[in-house]
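I am opening a notebook on a structure that is new to me, and I will write down what I looked up in the order in which I looked.

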Number of protein chains: 2
Amino acid sequence: MRISRETDYAIRCLIFMARRPLKVHTVMEVARPRGIPPSFLAKILQKFVKSGILSSARGVRGGFRLTRSPADITLLQVIEAVEGPISLNDCMVERETCSLASRCAAHSAWKEIQGVLAAKLGEYTIRMLADQEEYTPAFEAGIAEEGP
Amino acid sequence: MRISRETDYAIRCLIFMARRPLKVHTVMEVARPRGIPPSFLAKILQKFVKSGILSSARGVRGGFRLTRSPADITLLQVIEAVEGPISLNDCMVERETCSLASRCAAHSAWKEIQGVLAAKLGEYTIRMLADQEEYTPAFEAGIAEEGP
DNA sequence: CTCATATCGGACAATATCTATCTGATTTGA
DNA sequence: TCAAATCAGATAGATATTGTCCGATATGAG
């Protein structure tokens, strides 16, 4: 009943990138200041490219860039990009797993609760989180680089 | 971001026991009709005893029994009895894990979302779920025993 | 008193998932 | 042509989940 560390990394990464939404960031530029293992972050960024949150460019001046405004990226979108569609119980995804099938008493309850959770996650945007972050010298060092 | 199978077992178990709230159930009486591994269920029942949802009695006519009405047992209580206090993110529990400490932008967001989720889970009772369960011959076979 | 029944508690094994790394391939611009 | 980067897949290591087993203890029945 909790998000994975991967998802936590993913959110921190986007908050960081949102500081300079137009810049093309390399894996290392994001991983180092945020303390995320670079090769692990690379995997996460791939998922963002596949889900359309980021675009990527290979080669010398390549890297990753937000495809839309941080204000248009919700926590729900981020979580689903990384973990797949949210489902509180296995039987939400595959009905077969629900051993009591159609008469599973909890099924509709999970569905409702999940709906409330998803709605709430959809209210929070990366922009909101980024705006909230305090500025400190150490933090500034991380984002004070040249860019577009 | 999903409940464990253990929690799923736990809820099904309580729904089953709620059919006959005064009866003293043995592990086997609950495990067999619900298809839960008996020795695994035994562990779950221990947690319920520790959290006060069930009382237990050893020996020949021993077993487990609800300590209060199914209408007074919420999903939140059940989940917390099994999984411990709910926390969507590790940094909810141990602040040290939150690598950016006090300036973690997501911290307050998680706190709010978690609050909404907990509130929703607190709305659902075992009674509500048990009432919703359909009666079928196969199911009746499971609960049609002597007792309380 | 003895015995079968049941919970209690801990250790343990098997499995699955999560986290992280590495390697080779491909693309790109200087 | 070369260095810088992403891309894709394999794989190892760590951790969590799921499930089993066993000895200890308590209890009521005979």
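I began with A:G122, which counts as partly exposed because its relative accessibility is 31%, where buried means under 20% relative accessible area, exposed over 50% and partly exposed in between (1.4 Å probe, protein chains only). I noted that the model is predicted, that local features need pLDDT of at least 70 and side-chain atom pairs pLDDT 80 or more, and that totals for chains, interfaces and linings use all residues. Residues are numbered from 1 along each chain as its sequence is written, chains are lettered from A and ligands numbered from 1 in the order in which they are written, and side-chain values use heavy atoms, with hydrogens and water left out.

I placed A:G122 in the loop between helix 6 and helix 7 (126–132) of chain A, taking helices (H or I, at least four residues) and strands (E, at least two) as DSSP runs numbered from the N terminus. Leaving aside neighbours within four places in sequence, A:G122 is in contact with A:T74 and A:L76, contact meaning heavy atoms within 4.5 Å. The C-alpha atoms of A:G122 and A:L76 are separated by 5.1 Å, although the two are 46 residues apart along the chain.

I then read chain A as a whole and found eight helices and two strands, in the order α-α-α-β-β-α-α-α-α-α. Of its 148 residues, 50% are buried.

Next I looked at helix 1 (residues 5–18) and helix 3 (residues 38–51) of chain A, whose axes come within 10 Å and cross at roughly 75°, the axes being lines fitted to C-alpha atoms over the stretch in contact and the angles running from 0 to 180 degrees between N-to-C directions. Helix 1 of chain A brings A:E6, A:Y9, A:A10, A:C13 and A:L14 to the contact, and helix 3 of chain A brings residues including A:F40, A:I44 and A:F48.

I also asked which residues touch the most other members of the largest nonpolar core. They are A:L14, A:F48, B:L14 and B:F48, in a core of 90 residues, a nonpolar core being a set of buried Ala, Val, Leu, Ile, Met, Phe, Trp, Tyr and Cys residues joined through side-chain atoms within 4.5 Å.
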